Amino acid sequence: MKNRDNEYTKEAVFGNARWLSFENETEAVIARRDFTLSEVKNTLLRVTALGFGEIYLNGKSITDRLYAPAWTNYLPLDTANMNYPIYDTMTYRILFEEFNITPYLKEGENSLVFHIGGGWFCQYESRNEGVKPYGRLSLCFCVTQNRETVAESDSSVYWKKSFITRQNIYFGEKQDLRLGGYDFGNTVWDKTNLKFAAPSDAPASVFSRQDCPEDKIIRKITPRLIFKKGDYAIYDLGENVSGFPVVDLYSSEPDEVITLRFSETLDSDGALDFSSTGGNSRIQREEYIHDGKAPCAHQHFTWHACRYFDLLGNAEVKEFCVVHTDLKQKAVFKSGESVLQWIFDSFIRTQLSNSHCSIPSDCPHRERLGYTGDGQLTSNAVMDCFEAEGFYRKWMRDIADSQDIKNGHVQHTAPFYGGGGGPGGWGGAIVFVPYNFYKHYKDKETLESYYPNMLAYLDYMDKHSENGLVVREEDGGWCLGDWCSPQNKNLIPCEFVNTYFYIKALSCVIEISQILGKDYSALAEKKNTVTEAFLENFYDEKTGCFCESTEAADAYALDIGLGDERTLDALVKKYDSLGEFDSGIFGTYLIIAVLCDSGRAELAKKLLTSKKKNTFYNMMAHGATTLWETWEGNESHNHPMFGAVVEYLLKYFNEA
């Protein structure tokens, strides 16, 4: 089964297997298919589940991956009634997996069991910007020997509701262990109240083989008990991570309820503070009702992002499993400057916590979304630090799938799941991520593949411009420029920032056109026109400054080759005097980039190591082990975006 573009129909993957869907608002099910083999020989399983699935054959798990198949634009969402209504037509893709299951088979009767939880596909509780669920839990599979089908999803599949009675990607799971079925090593089923699966129509989506790095248990931490009173305890992991604890239930009584909650920080009284993870309305929680038999319990279909967690009940925590996409770190950074070392180490930890389903997220708790702004900004740093080729191949496809196939509009999240942003810093991901990918991996085919998407995006930016400046995005939506400057002032005009990104994208696509041997004369002409408008509206010829040097405006201009020596002098004098950042996520990166690349690395180092308020030192001094969303620390404490500067730490300040 070969396909150059890795795109197939349902029939090409699964043959005559039926698409099975389960009851509305059922959040977790266990499905089983029994089949008989006359001999054991090379046998393949192809399977997809919506949302996440665990797979057991004859009582043994066939894989150690988690949260799969990975999240994509599964099928159309109801987007017209979102807070920021979207009427775009996107590409809808479902991933399938293929396993060689020969080692798990036996002659005679075999049992194939799927444990399926809602994951992203049917979470019913969180309504980010009014997003509604995709649909019902679903399953499709086929088992083949030498291309002959020996078992498949059909009406002989029987199922029951899982012992997981509440499953939500954001809020966690509730498990009633009294319902049984949690021991997948037991192949003998009580068939009382079992149901036969009802076939349904398969989605009209593209099917692709899952070929990206997968989420796994990467390491384990022994939590430190920091408070204990009666049956209530608080644990400290010593670092902010994503994953789940394994709870030892040996001392729990039958019917006893054990509850855990998770946070990044403690309040002044030493209690869990949920403000940075979404507040009291978005608490990450586990709940187990013990049956008096299960030795331990853990989450199956979600992760928690935390440094601290509490436990109420007669139980103990055995260990904490750190879980994220399996990215291998390749960069080594050493510095005698403690702040520089902290920035690098914290970025590594932050990025890994925000890597799930081969998607770079903005935060691993409150939103968990693949924001295109954050993701494109940090993409160079991530590719510098990790073996990330497969990771970005998957996410570039998500970005392209989230682009309107008619007008070129690129969404602010990929896979698309709501979210605010702007046409430049966010939508530009369709240009900047493939461009950065090429710089790292020299893959011209990737540039060729996404070149039409880039041209469509540039056309979208042109049609949302007036007098050469990008002034709007979709009606009723956001049109942000920079984001998260101190106190979230974001004083640089949005037209300035978005037009900067338009010029930068034009420059990248012109360079890509040269690499691919394509005519770029029209792009060059457009770049000249837009640049003239940019200078006319934002440049002061008397001072050589842009937007009166507001925040990082001069760094934006210098990055695209505009301004002169006075512009650079103004930037240097301002930040030498200020000694801290007044900039948002894009501006902060550009200040460091322009200073380093213009021979002012010592000033860049001064800013990076400054001990003033709006600095990385302020995060470090507060005991943070991951990067904050804001300079003040009043939002998420696990956001990678300010870590884009790590690209320049490695280039200019690495003593390794």
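**Helix packing, sheet order, cysteines and aromatic pairs**

Reader: Against which elements do the buried residues of α8 pack?

Author: In this predicted model, the buried residues of α8 are L523, V530, T531, A533, F534 and F538. Their packing partners comprise helices and strands: α6 (444–463), β31 (469–470), α7 (494–516), β32 (539–540) and β33 (545–546).

Reader: Within what arc do the buried residues of α8 fall, seen down its axis?

Author: Residues three or four places apart in an α-helix point the same way, because there are 3.6 residues a turn. In α8, the buried set includes V530, A533 and F534. Seen down the axis, the buried residues of α8 line one face of the helix, because they fall within an arc of 165°.

Reader: Which exposed residues does the face of α8 turned away from its buried side carry?

Author: The buried side of α8 is formed by residues including L523 and F538. Turned away from that side is a face whose exposed residues are E525, E532 and E536.

Reader: What distance does α8 reach from its first C-alpha to its last?

Author: Helix α8 spans residues 521–538 and has 18 residues. At 1.5 Å a residue the expected value is 26 Å, and the reach of α8 is close to it, at 26 Å.

Reader: How many residues apart in sequence are the parts tied together by F496 and F534?

Author: The rings of F496 and F534 form a tilted aromatic pair, with 4.8 Å centre to centre and 35° between the planes. F496 counts as buried at 0% relative accessibility, and F534 is buried with a relative accessible area of 0%. Because F496 lies in helix α7 and F534 in helix α8, the pair ties together parts whose separation in sequence is 38 residues.

Reader: Which residues do ring pairs link into a cluster with F496 and F534?

Author: The structure holds 49 aromatic pairs. Ring pairs join F496 and F534 in a cluster with W426, F432, Y500, F501, F538, Y539, F546, Y556 and F586.

Reader: Are the rings of Y56 and F184 stacked or edge-to-face?

Author: Y56 is in strand β4 (residues 52–57) and F184 in the loop between β12 (172–176) and β13, 128 residues apart. Both are buried: Y56 has a relative accessible area of 12%, and F184 also has 12%. The ring centres are 4.2 Å apart and the planes lie at 5°. Planes under 30 degrees apart meet the cut-off, so the pair is stacked.

Reader: Which residue in β7 stands opposite V29?

Author: Strand β2 (residues 28–37) runs antiparallel to strand β7 (residues 108–117), and 10 bridges join them. Within β7, the residue opposite V29 is I116.

Reader: How many disulfides does a search of the whole structure find?

Author: C212 is buried, with a relative accessible area of 9%, and the nearest cysteine sulfur, that of C357, is 7.8 Å away. C547 is also buried, at 14%, and its sulfur is too far for a bond, because the closest cysteine sulfur, in C545, is 10 Å away. A disulfide requires sulfur atoms within 2.5 Å. For the whole structure, the number of disulfides found is zero.

Methods: Residues are numbered from 1 along each chain as its sequence is written. This is a predicted model: local features need pLDDT of at least 70, side-chain atom pairs count only at pLDDT 80 or more; totals for chains, interfaces and linings use all residues. Side-chain values use heavy atoms; hydrogens and water are left out. Two strands pair if DSSP finds at least two bridges between them. Helices (H or I, at least four residues) and strands (E, at least two) are DSSP runs, numbered from the N terminus. Buried means under 20% relative accessible area, exposed over 50%, partly exposed in between (1.4 Å probe, protein chains only). The expected span of a helix is 1.5 Å times one less than its number of residues. The arc is that of the directions from the helix axis to the C-beta atoms. Contact means heavy atoms within 4.5 Å. Rings of Phe, Tyr and Trp (its six-membered ring) pair if their centres lie within 6.5 Å; planes under 30 degrees apart count as stacked, over 60 as edge-to-face and the rest as tilted.
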